[in-house]
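Good morning, colleagues. I would ask you to have the sequence and the coordinates open while I speak.

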Amino acid sequence: MKKRLFTPGPTPIPETVMLKMAEPIIHHRNPEFNEIFTRVNKNLRYLFQTEQPVLTLTCSGTGGVEATFVSLFSPGDTIISFNGGKFGERWVKMPKVYGLNVIEIKVEWGKTPTEEQLLKALHEHPETKGVYLTHSETSTGAATDVKKLAKVIRENSNALVCVDGITAIGAHEMRFDEWGIDACVTGSQKGLMIPPGLAFVALSKRAVAATESSKMPKFYLDLKRALKSYEGNDTPWTPAVSLVVGVDAALQKIVEEGIENVWSRHRRLANAIRAGVSAIGLKLFSEFPSYAVTPVWVPEGVEWKQFNKILKGKFGITIAGGQDDFTGKIFRISHLGYYDELDMITMIGALELTLKECGYKFDLGAGVKGVLQSLASN
Ligand SMILES: *Cc1c(COP(=O)(O)O)cnc(C)c1O
């Protein structure tokens, strides 16, 4: 059976990238690696649309965000953190462990942070040193208007604008320099289309300056140290060499396609999936949909476990379930990374056959038609 992954990380890996990673390993202190890493660094700057450093860390995305907490701040500093899902929640819990004074702003699942919430918190806490936003909240499929909120933060405070871009980079427009972002993190197993194991952290001039004054205890995840190595296109510790080789190949694909085209492809695929599920009467979960992942309510009368078992067992398709209060209530279809238009037809076709087997009543083929109409119209 063909395995088909439709999860928001890990995401499918292009065959050419897999083949590159299967080549004999090279040593990270020889010129061959330096040439690769120099190109990776250049293409990462293109990916984030920045002239600033984008650091490559050997850890998952969570480690990349942890590196920002420990490298940009000092114990007792106040930060504002938006919590609208599993990942926002993590960016409340983690900084507390490090003794930061965390102002948590709760956002209902499926909704997005508002300008009013942000302004209120900034005015109540003028001492705020950083604001954390999750660009695409993977647990709810809700996107945040980072461009707009970054402007609000810049105009009303001196706080660093820190963005979890882990499922946004590659799917949503990101103009790091132009939008005044200070720190933005992504992970290798999401829009970058390679296995888990690398995190990427872009830092503005203000963030680089903050690494100089940070008093947080740290060692492995010290961004100041990583910045020093970066000057020579190097890393302080042994990097995951094979993954760097993989990301080099993946980034070259992104450069070839053009970042604007990558963003618009994600928008087109997200729209097609939404049109497909809506055409068979299913309801979307998020009011502010992400282009990376589409959460959908499990329809009444359908049992999630049975539905998921058929999808996996009969069609080799893995999707993501709901989390916390939404376990068994929603499912999430990813279209982040290595996907094209025909993959969306496959996904909705399998979804229709599975729902039919679960006894859900609808006009068979309506979903596929919805996908096709959406694709043909944009
Ligand atoms: C996947 C994900 C993370 C966590 O990344 P790991 O690589 O699992 O550590 C954080 N934030 C978002 C939005 C994610 O999608």
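Two helices, α3 (61-72) and α4 (86-97), each supply at least two residues of the shell around the ligand. Helices here are DSSP runs of H or I with at least four residues, strands are runs of E with at least two, and both are numbered from the N terminus. The model is a predicted one, in which local features need pLDDT of at least 70 and side-chain atom pairs count only at pLDDT 80 or more, while totals for chains, interfaces and linings use all residues. Residues are numbered from 1 along each chain as its sequence is written, and side-chain values use heavy atoms, with hydrogens and water left out.

Which helix gives the most to this shell? It is α4, with 3 residues. By class, the shell residues divide into 3 nonpolar, 7 polar and 3 charged. In this scheme Ala, Val, Leu, Ile, Met, Phe, Trp, Tyr, Cys and Pro count as nonpolar, Asp, Glu, Lys and Arg as charged, and the others, Gly among them, as polar.

Of the 13 residues around the ligand, those that come nearest are Ser60, Thr62, Thr138, Asp164 and Lys190; a residue is near if one of its heavy atoms lies within 4 Å. A polar side-chain atom of Ser60 lies 2.5 Å from a ligand oxygen atom, and one of Thr138 lies 2.4 Å from an oxygen atom of the ligand. On its own the ligand has 380 Å² of accessible area, of which the protein covers 90%; areas come from the Shrake-Rupley method with a 1.4 Å probe.

I turn now to helix packing. The axes of α11 (residues 304-315) and α12 (residues 341-357) come within 9 Å and cross at roughly 125°. Axes are lines fitted to C-alpha atoms, for helices over the stretch in contact, with angles from 0 to 180 degrees between N-to-C directions.

For α10 (residues 259-279) and α12, the axes come within 10 Å and cross at roughly 20°, so α10 is roughly parallel to α12.

Finally, two backbone details. Gly9 and Pro10 are joined by a cis peptide bond with omega about -5°, and Pro10 sits in the loop between β1 (4-5) and α1 (15-21). Gln49, although not a glycine, has a positive phi of about 55°; its place is the loop between α2 (31-48) and β2 (54-58).

Conventions
A polar contact is a pair of N or O atoms within 3.5 Å; within protein, one must be able to donate a hydrogen and the other to accept it, and residues adjacent in sequence count only if both atoms are side-chain atoms. Angles under 35 degrees count as roughly parallel, over 145 as roughly antiparallel, 65 to 115 as roughly perpendicular and the rest as oblique.
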